[in-house]
Amino acid sequence: NNLLATALLAVERFNAQARDDCNKRLSLHVYDTESTEAKTVKSMIAAIEEDEVDMIIGPESFQSSITTAVLAGVYDRPQISYSEQTSVLDNEMYSRFLRAVGSYDPLAKGICEFLYGKKYTAAALMHPEGAYGEAFRNTVLKHCGDRVEISSFPFSQIANNQTNFDSISALDESKLNVILYCDLGEKTNVGFENFEQIMKLAMQRNLISAGNMWIFSDWYIPSYFAKVRFEKLRTALSGSLLFELTSKFVQEEVESYFQDKWNGFDFDTFLTRDDVRMRTQLEMYSATLPSDFLSTDTFKQVGVFLFDAVLAAGHLACQVAPQDAINAYDFGPFIWGNKSSISFQGLSGNVAFDDVGNRPDKSFNLEVSNLLIEQSGIEKKRVAVFNSDYNEFSWLSSIVFNARGSELPTSFRERDRESLRVALLQPITEATAKNPGDCRTPNIWRHGKCHLSNDYKAMAASGLLAVKHFNERLYRFIPALEGLSCVKSMEVKLYDSGNSGDSALVAMQKIHEDNMDIIIGPFSDAESVGTGMFGGIYEIPQISYGATSSELDNKELYPFLARTIVTDYTKAQALCAFWKSSNYRFGAILYSDDHYGRSFQKAITTVCGANVTFSKHAFKTAITEKEIDQKVSDVAEKKMNIVLAIFKDFRAFPAILAAAFKHNILGAGTQWILTEESILQDIYPIESFSEIRKALNGSFVVSSVGGTSYNDNFRSFVSAWDTFDFGDAEGAVRSVSSELDITKSFFQAFDADSRAISEMGAYEYDAVMTAGLQVCSLYPEDPIPPSKIFAEQFISKLEDLSFDGLTGNLQFESTGNRREETGSFQLFNILSPSSDPTQKPTTSPSNPPTQEPTLEIPTVHPTMNPTLEGGAEQTSPTSPPSPIRPIPVRDGFAIGLIATFSSLTRDFEYDCAECTKPLYTGGVEEMPLAINPPEEDLNSSKAIKNICVALFALTALVAVFFLLWTFFYRRHPVIRSSQANFLNMISLGAIISSTTILPLTVDDADGPLAGLDGENTKANIACNAALWLYCLGFMTTLTPLFAKMYRIRLIYTSTDKSEKFIKKISDMWLLGLIMKFIVLDLVFLVIWMVQGPFKYIRVPVAHDKYGFVTASSGRCVSEFSGVGIVLIGGYHLVILLFGSVMSYKYRNFNAAMCEAKYVSIALISNLQVLILAVPILNVVSNDPGTEMFVRCGVIALNDISVQLVVFLPKLYYHYKGVPIEVTSFSNTPSGMSSMPSQSVTPSQQAASSLQASEDPGSAAPSLPNQI
């Protein structure tokens, strides 16, 4: 009834304030929710549908507010809350919900600022299950962010629920001392019973006592304190803190107006008014009000906001409809659209709304109070006020904590703040070796176990040295230790991983039981897979120094795993860089079907992408020799010579090598690349493998090399190795070193230059230092928090850590992986003992090894990318680096450094001082092909070439015959009448033209292949020679025929038949005409050669599945060919057409003494052959052999046909006699007529010829004879 009275007074206050600009009056309808959601919903529907109210004020509870806020949106009625603070209602789905009370945002912000200001790094949050508690948690997480780690512990809203027991147990295990408590949000008896039970459970676990800090956020919690029935609990709770949003209460307003109205309040008076309708029983309310209500928390935390909510309803109505009647259909949208436009002074201070309907944060005060339980009751002592403008607290008095403790509690329950418990999860023995026979060299069977080689002992020694040096703050090797302000000291324990996943899990259980803070290790991927998962379950951070599998990047499975060695993905980048620099675009991948193999195989294929085509072959751990032989046989069938072997600790590897040796894919002509050098130890002990070891000589291995001679820290560490001793170490380190039998003599005997130090020990040393430096950065003075908090903070903050270690600069990603750019890789030669270790380098290498020009892709096709998925163009190689230099021997092999990987250029550099000339598998110096390319079909048929040469020989033989025949019978009338010189020109032209056949048979089959750039000079010359020979032959053959026909035309068409005219068109004149035709042809040819001479190219026409060219065709091409063909072809065609026309016109002239008819036949024959040849050549253009034959045939047919047509009639007349025809002439060709004729015998012809020769001064022969 106190709150109802407050609402009624608000109605009276608004209606009493007359406003000229607004005629609105409030009418209050009161509905009883009966504290149930169902009744609330029923009442709201009745209010809207029956009473047609315009706005809703309330309700009070969270769940009812959620439901009614949805209904308000459905009915489009504005709703103003006076009590609900949850951020859930900020969602846009509650589009008509406003609140006069503050949201939880400023409250959560103030709490987080308090924690951060007190330098707390972690705190617990207890909150109810469900949307209300989740919303409060999310709000706190949003404001605390990364500054304070908030761990959530939800509890049930029902007392005596198992969830509450579990939640308190989890809170106890977290060891957190600072606990935020968010109640149900409703001041009810059920809520108190649940609260009291939770507090009792917490007290039983000693979680509410001196050294704890409980922070409450609900204004009514003091009333719960007052009801607590257990004195011990009351004592423990005393000193708790209460954070609450309070209104900027206007005391003067209360005293001047509200107090008087309150004291004289009478319900009966209000019930008679027309602006109040009661939907509940009047007897529920007392007639008088308590005078002290205005000083209670209920009035200050609820009443003033209810009062202002009612006033806000009136002001909003005046804003959208000051004079007009309210339209229920658009009132809601108008209110929502104009909510930010109102502002007025209420009891809680200035009232305004933001875009989501909330009061601005600065409308409230955030106060911190100590809740002190006294004999007289609960004292709420205000100790601080939060200034939201400056994000700081103003402290009003001293503060006490639970159980009235005066000392500020720590984030976690106290443990030794100097202690850092480190577990070295180290491979010491081979757990799978159950008897001496299983213990392989160089491992040693001792004390009933197979102890791993001294390499692993040296690795363990490196980790112990790191612990010793960290505790001593020895900064000689790690400069970051100098001046380190940190109280932490490492307590180390050794756990044997057994070099197997199962044994590592057993050790992991022991680590958890020993409450170790952090794990260094394990070494291998197989071990890390299981321990990484259990590390997530046990919430223990873990730093591996040897596990490289990219599968371990999955943070859902391995949330707390970090690594000081870069992952396989980074190593794959180095391998792909090598592949690219070597121009290898094909390769076979042999990999173990385990985490390491699958991960690396996936990484290499992903990184190399389309640049390399891989044939992938997986080998299971349990595999028979027969299965191995079959798989390796499959590899051999692929004909790939570059083999990437991805194996680590794989016992079947020797059998794989044996099968590879058997199928001739291991040895000279191949190249094996190993991803792990350690796999060599499986080969060395096998005596029968001597030949295989020799075959493996020259293979490559790409190693992650942590320590290098370029690193000053590592160089100092190596130089001091033989001086190390654990004799002066503190207890734990000395105890572990004694367990491992690591004495001073061990350091003196073990070679510090061993790769066990640079590739194994250096990474473990840096892993230990990473643990120490990271803990010091997080908790330099404070004790280490409980496991979950510690693990999450350790990994999430690891990316902020950076220091220079033995393996270079260490930086980490947010996932805990080492940044790839800080990784170090080197490319090594594997050299068998037979290799000469004394050969010194003579020069420094400057370039990577690359392919020979004829390797991989023939240089004929430089623009082709013969891979299945594309690839880079092949380039010519450069000389390889200098000779081999001596490198320490491991497992029967010497190791020669070839190149170092640069993180800047992302490529291998071959010019380092220690780099040597590489050998290749089999100990050879010649780089192998990535894949043996198929034999290319050049479409160059020797048979067709021979046929073409035969055609040339036949044509030339015919021409020579007619040349000789003409010479011997040059005085015969038939020869004389046809002019022997011109007949000789026809034969000579035929010889020149047929010679074209010879360059047409020239190609690049005998090398070098021309490629697309025409790189065969001989073939290029042949292409141009063919053009010149054909054109000159054509003109030499046909222009005499054309010229003779042209002279006949002049005689027939000219009216001047005088001897002078006849002499004018003499043989010399004709010869000059012929030369003019030939010179013009030569001009065209010169222009062609200047603008774009022919070059012979070879074009691929077929590829195999790898993209290699299996067939190609050669052809002559010219950039000027289009224009050239038009010029010369057109020119030749005009000569043929014009000559053919003339031949037809003068076809009936004396056949014996003038070959007009036969010249006509020859010209027309040439034209026909040309017309037919063009489409035929186009049809066979894709068949080089057929095309060559057609070209040669066309040339031979042209030349032979012309000669036969011209000379055969003359042969006939020479041996059979010449018919003498008397021809009369007219002024036109049509006037010619044939007269009867008689034959002249060969003897008569000879006599006539002799007489003519003996009487040179005789008159010129008759016109027909001259013709």
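User: Let's start with Glu 730. Where is it found?

Analyst: Glu 730 is in the loop between α22 (712-719) and α23 (731-739). Helices here are DSSP runs of H or I with at least four residues, strands are runs of E with at least two, and both are numbered from the N terminus. Keep in mind that this is a predicted model, where local features need pLDDT of at least 70, side-chain atom pairs count only at pLDDT 80 or more, and totals for chains, interfaces and linings use all residues. Residues are numbered from 1 along each chain as its sequence is written, and side-chain values use heavy atoms, with hydrogens and water left out.

User: How exposed is Glu 730?

Analyst: Glu 730 is partly exposed, at 37% relative accessible area. Buried means under 20%, exposed means over 50%, and partly exposed is in between, using a 1.4 Å probe and protein chains only.

User: What makes up the nonpolar patch?

Analyst: Val 960, Leu 964, Phe 967, Phe 968, Tyr 969 and Tyr 1215 make a nonpolar surface patch of about 620 Å². The areas come from the Shrake-Rupley method with a 1.4 Å probe, and for residues only the protein chains shown count as cover. Helix α27 (residues 942-968) gives the most to this patch, with 4 residues.

User: Phe 968, buried or exposed?

Analyst: Phe 968 is exposed, with 59% relative accessible area, and sits in helix α27.

User: Switching topic: which residues does UniProt mark as "transmembrane region"?

Analyst: The unreviewed UniProt entry gives that annotation to 949-969, 981-1002, 1027-1047, 1068-1090, 1120-1144 and 1156-1176. UniProt positions are in the numbering used here, feature names are shortened, and annotations may be inferred rather than shown by experiment. In the model, residues 1027-1047 are 100% helix and 0% strand, with end C-alpha atoms 29 Å apart. Residues 1068-1090 are 100% helix and 0% strand, and their end C-alpha atoms lie 32 Å apart.

User: OK, how many salt bridges are there?

Analyst: The structure holds 29 salt bridges, each being a side-chain nitrogen of Lys or Arg within 4 Å of a carboxyl oxygen of Asp or Glu. One of them pairs Arg 234 with Glu 231, with the closest N and O atoms 3.7 Å apart. These two are 3 residues apart in helix α9 (residues 231-237), so about one helical turn separates them. Arg 234 counts as buried at 14% relative accessibility.

User: Which pair links distant parts of the chain?

Analyst: Arg 598 and Glu 551 form a salt bridge, with 3.9 Å between the closest N and O atoms. That pair links distant parts of the chain, 47 residues apart: Arg 598 is in helix α18 (residues 595-608), and Glu 551 is in the loop between β21 (542-544) and β22 (561-563). Arg 598 is partly exposed at 30%, and Glu 551 is partly exposed at 29%.

User: What about Glu 925 and Lys 917?

Analyst: Their side chains meet in a salt bridge at 2.8 Å, N to O. Glu 925 is exposed at 52%, whereas Lys 917 is buried at 18%.

Technical notes
Patches are made of residues with over 30% relative accessible area and no salt bridge: like charges are joined within 9 Å, nonpolar side chains (Val, Leu, Ile, Met, Phe, Trp, Tyr) within 5 Å.
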